[in-house]
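Here's a quick tour of one protein model, meant for someone just starting out with structures. Have a look at the picture first, then work through the points below.

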Amino acid sequence: MLQPGQTAPSFVLPDADMQNVSLSEFKGRKHVVLYFYPRDGTPGCILEAAEFSDHEEQFVKHDCVVLGVSRDDCLSHAEFRDKHGVSIGLLSDPEGEVCRRYGVLQEKESEGVRRESLVRSTFVIDKQGVIRHAHYGVTPRDHATEIFGVVKRLKC
């Protein structure tokens, strides 16, 4: 599990429009809220994406971009975004490579079958690329407000 003070693992992932987004493009320019969620279209994921989208303007005013990551593909992200009015960036990590680097995939056993499942998690990364907040096992309701409080305390 990653801890505050560590350098955030780099990544390049495609968004819902199949355009690559890299963590390095924000270095020195913007703080990044990087949140990992299990699956497009599930109730908790809809709630979380909607709340971050509703607060996006506040994050922007604090030099911060919000990016959601799941293992769904780009087409699923585009459908999810369009159906639910999601305005934040949604990144696709179908192989789970970035999810593993951030420690959000955990093996669970269900009915005798072991499989990887994504633990809903959020990281606040400052403009220097350092993790300032790491939260594993997030509850979606009011999470965007909680994370905005963390972002407000960051120095520009």
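In the hairpin of β8 and β9, which residue takes a positive phi? That's Gly129, with a phi near 85°, in a hairpin that has five residues between its strands. Keep in mind that you're looking at a predicted model.

**The β8–β9 pair**
- Strands β8 and β9 run antiparallel to each other and pair over five bridges.
- Look for Ile125, which sits opposite Ile131 of β9.

- You'll find Ser121 in strand β8.
- Ser121 counts as buried because its relative accessibility is 0%, and the cut-off for buried is under 20%.
- Its side chain reaches the backbone oxygen of Val119 at 2.8 Å.
- If you skip neighbours within four places in sequence, the contacts of Ser121 include Leu34, Tyr35, Phe36 and Val104. His135, Tyr136, Gly137 and Val138 are also among them.

- In soluble globular proteins, nonpolar side chains tend to be buried together.
- Here, the largest nonpolar core has 24 residues, and Phe11, Leu34, Phe36, Leu67, Tyr102, Phe123 and Ile125 are the ones with the most contacts inside it.
- Elements giving two or more residues to this core are β3, β4, α4 (97-101), β8 and β9.
- Another core, of 20 residues, lies apart from that one, and Val33, Ala49, Ile88 and Val151 are among its members.

**Helix α5**
- Helix α5 covers residues 143-152, and seven of its ten residues are buried, so call it mostly covered.
- The buried ones are His143, Ala144, Ile147, Phe148, Gly149, Val150 and Val151.
- What covers them includes the helices α1 (43-54) and α2 (56-61), along with the strands β3 (31-36), β4 (64-70), β8 (121-125) and β9 (131-136).

**Helix α1**
- How far does α1 reach from its first C-alpha to its last? This twelve-residue helix reaches 16 Å, close to the 16 Å expected at 1.5 Å a residue.
- Gly44, Cys45, Glu48, Ala49, Glu51, Phe52 and Ser53 are the buried residues of α1.
- Those buried residues pack against β3, α2, β4, α3 (74-84), β8 and α5.

How values were computed: Residues numbered from 1 in each chain as written. Predicted model: local features only at pLDDT ≥ 70, side-chain atom pairs only at ≥ 80, totals over all residues. Heavy atoms only, no water. Buried < 20%, exposed > 50% of the residue type's maximum accessible area, 1.4 Å probe, protein only. Helix = DSSP H or I, 4+ residues; strand = E, 2+ residues; numbered from the N terminus. Contact = heavy atoms within 4.5 Å. Pairing = 2+ DSSP bridges. Polar contact = N/O pair within 3.5 Å; in protein donor to acceptor, adjacent residues only side chain to side chain. Expected span 1.5 Å × (residues − 1). Core = buried A, V, L, I, M, F, W, Y, C linked by side-chain atoms within 4.5 Å.
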